[in-house]
Amino acid sequence: MDLRETYEIGEVSKIAGVSTRTLRFYEEEGLLTPTRGPNGYRRYTPADIDRLQEILLLRHMGVGTAEIPRALSATEDERRHALAHHLETLKTEHARLEALIRTVETTIEHIEKGTPMSDKAKFEGMKRGLIEDNEREHGKEVRERWGDAAADEANRKMLNLSEGEFERFQELGRAINEALEAAVTAGADPTGEEGERICSMHREWLGFTWNFYTPEAHRGLAEMYVADERFTAYYDGNVAGCATWLHGAITAHAR
């Protein structure tokens with residue numbers, strides 16, 4: 001082996017932008033196997049650098065360390081398909097962030113300089129802000145359960161809502177919460193008529209962002225309302241028990 005064609009661990013750290021500790025961890029996990037020079041120091045070949053690049057891409061795609069060996073052993077077509085899908089996800093996220101940056105810049109200019117901001121720009125900012133908040137709060141769980149494609153499509157559908165549709169979406173959200181609080185306070189049965197009415201409202205509300213609907217998916221979302229404390233906290237913000245009541249209503253009436 002010509003050592004002039006290899007890299008020391010510190011050089012690889014700078015090239016890849018990861019710590020030497022991370023490189024040692026990948027070695028301990030059997031993901032990277034650098035050779036050793038005469039002095040016992042690690043030496044990374046160009047092939048090791050290529051493998052490290054794939055490992056880092058997989059980690060960025062959310063693949064766990066334990067699943068990386070199987071991902072690396074996939075066929076070339078499978079790896080190409082996975083990377084192409086990830087590229088589309090990154091492009092969508094890039095476009096979303098660029099648009100959000102423009103909206104925030106315009107808002108700051110409006111506040112600081114009194115620059116006129118059109119109602120359309122304010123409206124677009126509200127939609128993008130809602131998407132940003134949702135991604136930050138629940139994006140990871142939603143993407144793990146239904147996948148990036150479904151989450152990205154929901155974001156795109158939100159961005160394409162007209163002003164009237166967006167107002168109806170927000171109005172429904174408020175109405176559902178108010179109806180839930182009233183039902184729980186009154187001790188209503190979620191399997192009864194009020195549960196059916198609120199389930200129907202909730203289905204309509206989902207329709208503004210979902211490009212598909214199945215009772216199974218609706219019930220699956222309801223499971224998250226009681227399994228994830230952040231979802232529960234949202235519905236139980238004013239009256240405890242609303243998340244559980246909504247879960248019961250959807251389980252009984254989703255069809």
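Helices α9 and α12 pack with their axes 8 Å apart and at an angle of about 90 degrees. That makes α9 roughly perpendicular to α12, a label that covers angles of 65 to 115 degrees. The axes here are lines fitted to C-alpha atoms over the stretch in contact, with angles running from 0 to 180 degrees between N-to-C directions. This is a predicted model, in which local features need pLDDT of at least 70, side-chain atom pairs count only at pLDDT 80 or more, and totals for chains, interfaces and linings use all residues. Residues are numbered from 1 along each chain as its sequence is written, and side-chain values use heavy atoms, with hydrogens and water left out.

- From α9, the residues Glu194, Gly195, Glu196, Ile198, Cys199 and His202 meet Trp245, Leu246, Ala249, Ile250 and His253 of α12, where contact means heavy atoms within 4.5 Å.
- By class, this α9 and α12 contact holds six nonpolar, three polar and two charged residues; Ala, Val, Leu, Ile, Met, Phe, Trp, Tyr, Cys and Pro count as nonpolar, Asp, Glu, Lys and Arg as charged, and the others, Gly among them, as polar.
- Helix α12 (residues 242–253) also packs with α8 (residues 163–186), their axes coming within 9 Å and crossing at roughly 95 degrees.
- α8 and α12 are therefore roughly perpendicular to each other.
- On the α8 side, Leu180, Glu181, Ala183 and Val184 meet Cys242, Trp245 and Leu246 of α12.
- The residues of the contact of α8 with α12 divide into six nonpolar, no polar and one charged.

- His202 sits in helix α9 (residues 193–206); helices are DSSP runs of H or I with at least four residues, numbered from the N terminus.
- With a relative accessible area of 0%, His202 is buried, a term for values under 20%, with exposed over 50% and partly exposed in between (1.4 Å probe, protein chains only).
- The side chains of His202 and Tyr225 make a polar contact of 3.1 Å; such a contact is a pair of N or O atoms within 3.5 Å, where, within protein, one must be able to donate a hydrogen and the other to accept it, and residues adjacent in sequence count only if both atoms are side-chain atoms.
- Leaving out residues up to four places away in sequence, His202 touches Ile176, His218, Leu221, Tyr225, Tyr235, Leu246 and Ile250.

- Helix α10 (residues 215–227) has 13 residues and reaches 18 Å from its first C-alpha to its last, close to the 18 Å expected at 1.5 Å a residue; the expected span is 1.5 Å times one less than the number of residues.
- Buried residues of α10 include His218, Leu221 and Tyr225.
- α8 has 24 residues and reaches 34 Å from first C-alpha to last, close to the 34 Å expected.
- Among the buried residues of α8 are Ile176, Leu180, Glu181 and Ala183.
- Gly187 follows α8 and has a positive phi, near 70 degrees.

**Glu27 in α2**

- Glu27 lies in helix α2 (residues 20–28).
- The side chain of Glu27 joins that of Arg36 in a polar contact of 3.3 Å and that of Arg42 in one of 2.5 Å.
- Glu27 and His247 are 220 residues apart in sequence and 46 Å apart in space, C-alpha to C-alpha.

How values were computed: Helices (H or I, at least four residues) and strands (E, at least two) are DSSP runs, numbered from the N terminus. Angles under 35 degrees count as roughly parallel, over 145 as roughly antiparallel, 65 to 115 as roughly perpendicular and the rest as oblique.
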